[in-house]
Amino acid sequence: MTTAQEISFSVDDYRLDVPECDGLRAQRIALRFSGACELDRTSTDDLAFLAALRLGAPVRLIVTGTASGKGFSLRPEKAVPGDLADVAYSVSVRVEAVELGELA
């Protein structure tokens with residue numbers, strides 16, 4: 001006769017390493033981008049890509065940059081009932097280069 005093994009687990013085994021500040025875990029995480037990258041006005045590929053872009057339409061790009069800042073922000077007015085506040089963690093990336101992708 002076989003017996004069922006006792007299955008035990010801990011919530012901590014499934015806890016992700018979400019950034020915290022002053023004991024508050026981030027409710028939202030984000031990347032922020034700053035900077036610009038000029039296109040080559042003598043490149044037919046760059047000009048065609050630029051012409052094909054439409055306002056509000058998605059586009060795929062490969063961005064190369066440098067992490068330039070990290071920080072937390074607090075919006076108490078957006079607090080979820082039962083939580084202290086809406087805490088966000090973001091990393092800012094300074095754009096250095098952009099590789100044109102495709103229209104999504």
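Guide: Consider D86, which is buried, with a relative accessible area of 9%. The term buried stands for under 20% relative accessible area, exposed for over 50%, and partly exposed for the range in between (1.4 Å probe, protein chains only). The model is predicted: local features need pLDDT of at least 70 and side-chain atom pairs count only at pLDDT 80 or more, whereas totals for chains, interfaces and linings use all residues. Residues are numbered from 1 along each chain as its sequence is written, and side-chain values use heavy atoms, with hydrogens and water left out.

Visitor: With which residue does D86 form a salt bridge at 3.1 Å?

Guide: In general, side chains of opposite charge can pair when their charged atoms come close. The criterion applied is a side-chain nitrogen of Lys or Arg within 4 Å of a carboxyl oxygen of Asp or Glu. The partner of D86 is R75, the closest N and O atoms being 3.1 Å apart. This pair links distant parts of the chain, D86 in strand 5 and R75 in strand 4, 11 residues apart. R75 is partly exposed, at 33% relative accessible area.

Visitor: How many salt bridges are counted by this rule?

Guide: The count is 2. R28 also forms a salt bridge with D86, with the closest N and O atoms 3.0 Å apart. R28 lies in strand 3 and D86 in strand 5, so this pair ties together parts that are 58 residues apart in sequence. R28 counts as partly exposed, at 35% relative accessibility.

Visitor: In what order do the elements run from the N terminus?

Guide: Helices (H or I, at least four residues) and strands (E, at least two) are DSSP runs, numbered from the N terminus. The order is β-β-β-α-β-β, with 1 helix and 5 strands in the protein.

Visitor: What is the strand order of the open sheet?

Guide: Strands of a sheet pair through backbone hydrogen bonds, either parallel or antiparallel. For two strands to be called paired, DSSP must find at least two bridges between them. The open sheet has 3 strands in the order 3-5-4, with mixed pairing. Strand 3 (28–34) and strand 4 (59–75) are its edge strands, each pairing on one side only. From one strand to the next, the twist averages 30°.

Visitor: At about what angle to strand 5 does helix 1 run?

Guide: Axes are lines fitted to C-alpha atoms, for helices over the stretch in contact, and angles run from 0 to 180 degrees between N-to-C directions. Helix 1 (residues 44–52) lies across strand 4 and strand 5, at about 125° to strand 5.

Visitor: Which residues does G71 touch, leaving aside those up to four places away in sequence?

Guide: Contact means heavy atoms within 4.5 Å. With that exclusion, G71 touches A88, Y89 and S90. G71 has its place in strand 4 and is partly exposed, with a relative accessible area of 24%. G71 and S90 are 19 residues apart in sequence, yet 5.6 Å apart in space, C-alpha to C-alpha.

Visitor: Is S90 buried or exposed?

Guide: S90 is buried, at 14% relative accessible area, and lies in strand 5. Its contacts beyond four places in sequence are A30, R32, G69, K70 and G71. The side chain of S90 also makes a polar contact with the side chain of R32 at 3.3 Å. A polar contact is a pair of N or O atoms within 3.5 Å; within protein, one must be able to donate a hydrogen and the other to accept it, and residues adjacent in sequence count only if both atoms are side-chain atoms.

Visitor: What share of the 104 residues counts as buried?

Guide: The share is 12%. Among contacts with a separation of 6 or more, residues 24 or more positions apart account for 69%.
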